[in-house]
Amino acid sequence: MKLNEIAEIVGLECKSDIEITALNSLLDATNSELTFLENKKYIDDLKNTNAAAVLVTLENSKEVPSSTIAIICEEPYLYLAKISKLFAPNIIELDGEKPVVGGGTKVMPNVYIGKNSKIGSDCTIMAGAFIGDNVTIGNNTVIYPNVSIYRDCKIGNDCIIHAGTVIGSDGFGFANTKDGKYIKIYQNGNVIIGSDVEIGANCTIDRAVFKSTIIEDGVRIDNLVHIAHNCKISKGCILVTQVGISGSTTLHPYVVMGGQSAAAGHLEIAPFTTIAARGGVTKSITEPKKSWAGFPLFEHRQWLKLQGKISNLLK
Amino acid sequence: MKLNEIAEIVGLECKSDIEITALNSLLDATNSELTFLENKKYIDDLKNTNAAAVLVTLENSKEVPSSTIAIICEEPYLYLAKISKLFAPNIIELDGEKPVVGGGTKVMPNVYIGKNSKIGSDCTIMAGAFIGDNVTIGNNTVIYPNVSIYRDCKIGNDCIIHAGTVIGSDGFGFANTKDGKYIKIYQNGNVIIGSDVEIGANCTIDRAVFKSTIIEDGVRIDNLVHIAHNCKISKGCILVTQVGISGSTTLHPYVVMGGQSAAAGHLEIAPFTTIAARGGVTKSITEPKKSWAGFPLFEHRQWLKLQGKISNLLK
Amino acid sequence: MKLNEIAEIVGLECKSDIEITALNSLLDATNSELTFLENKKYIDDLKNTNAAAVLVTLENSKEVPSSTIAIICEEPYLYLAKISKLFAPNIIELDGEKPVVGGGTKVMPNVYIGKNSKIGSDCTIMAGAFIGDNVTIGNNTVIYPNVSIYRDCKIGNDCIIHAGTVIGSDGFGFANTKDGKYIKIYQNGNVIIGSDVEIGANCTIDRAVFKSTIIEDGVRIDNLVHIAHNCKISKGCILVTQVGISGSTTLHPYVVMGGQSAAAGHLEIAPFTTIAARGGVTKSITEPKKSWAGFPLFEHRQWLKLQGKISNLLK
């Protein structure tokens, strides 16, 4: 879609007719992609963007690199939201090839498999599973009943996805208008799940707003776990029941999160970190191999000591 | 159903043959409805009821208005439970019209749409969705795969309901017998969802015991959120992942509840209140536009200050 | 399967050709079953086992009773994991009888019922429900839409299972290899649910690793509750929304767990215990009829007093 056409649709001005292929973040955008800057905190990323064009306020526009077109507007995030809809794929693909299912794969009744989807060999796809358009699933993977896999998601080999789990639902994103409306940020990315991953029942793993939410090889996820858009759950991580991970947070390899623990958004959690049950992570953890507990979070030994001190208040 | 017939079925005495059309709460009951008083806390509501009849203990019966018939019994709530079954609609409607689906609406395979249901135009109803009897859905609404919408619920225009979400499941209600049994309070109400509402994946929104659980226009709900029976989530509210709202609680407009936060039942939360992640609301919040955190709940700044004081205990 | 064949497949040595019928825990294993000891904490159980054979380290092997064959290995739990796969039933049964459905039972469209399954009379099985192989359901039970019941589970009479709930998904179990892989412990048990049980929407109840996860008569479970493998939820227990119960924990009769409360694994909670909302149980509770709150857990009155003391820190 041409940049000037995009601008016109949402009521902005831009003369360039460069072809825009997608929306993306400041640092990931390529020279055919459109990006935005709303939060001044990311001004350094703006200076380093390779994007074709950027939605930006007049104030911040002086930091736009010379190779990037500045589209000046008062509310860049709101315009991003409006434009995101233009790049949203169809909910159901109208055209495309029939799905391809590998040898030895069993597909039970009442399963839907979308267009252009490819399922490997020796898989089991159980009754009531929904596999959207353009999904790929590797070999020897089991999809239990009533699992929903949204379009464009990718799942590796030797995975087990338990019943009722939803993969690729929209991330929770919207911009506010001045009169109190929320404008959806269409979540045009996907979810990529590696190999040898087991995901419990009734989990939710949201698709990325741009690019991919990633679950790497060997991850183990218990039931009723929520993983928000653009998270990266690195290899060997273990997430126990009812954990919630907010958007754009990265768990480095072999992080263990206990039951009902949680992490805020845009954090990094160092390798081999252990978060005890109910722990709430609100800042990045940079030192690997430590154990943490509580909310606010303390090193586990400190937390235990603190609980002793607190209970002394009763004396 | 005639009042004396109802009474006879459950082993109570009443001579009036007035026609009872429904059960309802003390203040909402009309002069064709039956209500109850168990908890003396609501005695003022009894004095002001317009109900046709009330299940009430002998002790409280002197406060029954002259226009209301008192049906005296020892355990009014238990009798309400027994009577609620008499007013429960069929789980599956036996008779009724074929569903009506508007122009431009796509209905995928493996979808069930019940009798007397009406779906507007330009909707997408994805595979595995269940839409019960007597459901109405507006225009341009998307129902993702494996969503279950129980009978009698209403959904507006421009809504998005993500996969696996359940709308209209029974509220959690029962009366105890003296020998340790629980008698179900049939949840004969419904859920009404306004327009421009987005609900995440694997949420649960319970139907009302009487009347309606209400989600107003513009509400945004993340994944794995629970909303109990008879709640009202007013326009513009935002509920982040894994929030739980107990029964009969009202969120006034533009309340924001962070991830894993919760509210107890029968509360009011003032407009533009913000509850931080993990916050637990146990009392009504009457002053608007304030931020709160913690469990027990404090004003957010106080909570932060308190956490500082608590961590000083380690020194 | 013969013990020497099992040993050979996983690379261990054993000469006995005794027939092994199943895996089981130390105390439950019969003289045709294979068990294991990894954690020295259970050494007394080893002394009392009636198992046919036990996977055990050299160090612990001296405590193996004379009637039990010791299979010596360095990592008994890891070998258990490898062997568990040999005893896993087929995901989908290849042979077997057509399901039997009792008189008066309504089965809606898009329902799958597996081989050898038996559904009693006067049940309602709603659209999109999945009922696996070898499942039995009693009389007058309602299975709401998109419920998934895995193979081998048993459900009694007069139960109500709300939409999206998953019964019999695999418990969360795996052994670690030295090079950072997780080897699945196949969960070869099942779930047994008594009569007059109501389970809310989008709950997850995992099947046992050996034997059964048990939900006894009269239990009431709200929405989005998680019950892990090998739990026993005794008669009359009430679990409010978003509760999580970890593996092998027993709730004795009439325990009430408030919303978002939780219990760690391998605990016993005494009869008529009440856990307030958000309470976190990490040790067994032996005294019945007490109320508890908080995390760490205190008696409810003490917790309230402690919160007063804590808030005094702000003065």
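The following legends describe close-up views of a predicted model.

Residues are numbered from 1 along each chain as its sequence is written, while chains are lettered from A and ligands numbered from 1 in the order in which they are written. In this predicted model, local features need pLDDT of at least 70, side-chain atom pairs count only at pLDDT 80 or more, and totals for chains, interfaces and linings use all residues; side-chain values use heavy atoms, with hydrogens and water left out.

**View 1. Relation of the chains.** Two copies of a chain are related by a rotation about an axis and a shift along it. For chain B on chain C, the rotation is 120°, the shift along its axis 0.0 Å and the RMSD 0.0 Å.

**View 2. The interface of chain A and chain B.** Here 48 residues of chain A are in contact with 41 residues of chain B, contact meaning heavy atoms within 4.5 Å. The two chains bury about 3400 Å² between them, 64% of it on carbon and sulfur atoms; buried area is the accessible area (1.4 Å probe) that two parts lose on being put together, summed over both. In chain A, the residues that lose the most area to chain B are I91(A), F172(A) and Y182(A), together 21% of what that side buries.

View 3. K184(A) forms a salt bridge with E198(B), and their closest N and O atoms are 2.7 Å apart.

**View 4. The interface of chain B and chain C.** Contact joins 48 residues of chain B to 41 residues of chain C. About 3400 Å² is buried between chain B and chain C, with 64% of it on carbon and sulfur atoms. On the side of chain B, I91(B), F172(B) and Y182(B) lose the most area to chain C, together 21% of what that side buries. A salt bridge links K184(B) to E198(C), with the closest N and O atoms 2.8 Å apart.

View 5. The structure holds six cavities of 30 Å³ or more. A cavity is a set of points, on a 1 Å grid over the protein atoms alone, where a 1.4 Å probe fits but cannot get out, and lining residues have an atom within 4 Å of a point. Grid points are joined across faces, edges and corners, and a volume is the space filled by probe spheres set on the points. The largest cavity has a volume of about 140 Å³. Of the 20 residues that line the largest cavity, N110(A), G128(A), N146(A), G128(B) and G128(C) are the closest to its centre.

**View 6. The second largest cavity.** The volume of the second largest cavity is about 90 Å³. Among the 14 residues that line this second largest cavity, E198(A), D170(C), G171(C), F172(C) and G173(C) are the closest to its centre.

Technical notes:
1 Å grid on protein atoms, 1.4 Å probe; cavity = no way out; pocket = protein on both sides within 12 Å on 5 of 7 lines; lining within 4 Å. Least-squares fit on C-alpha atoms with pLDDT ≥ 70 in both. Salt bridge = Lys/Arg side-chain N within 4 Å of Asp/Glu carboxyl O.
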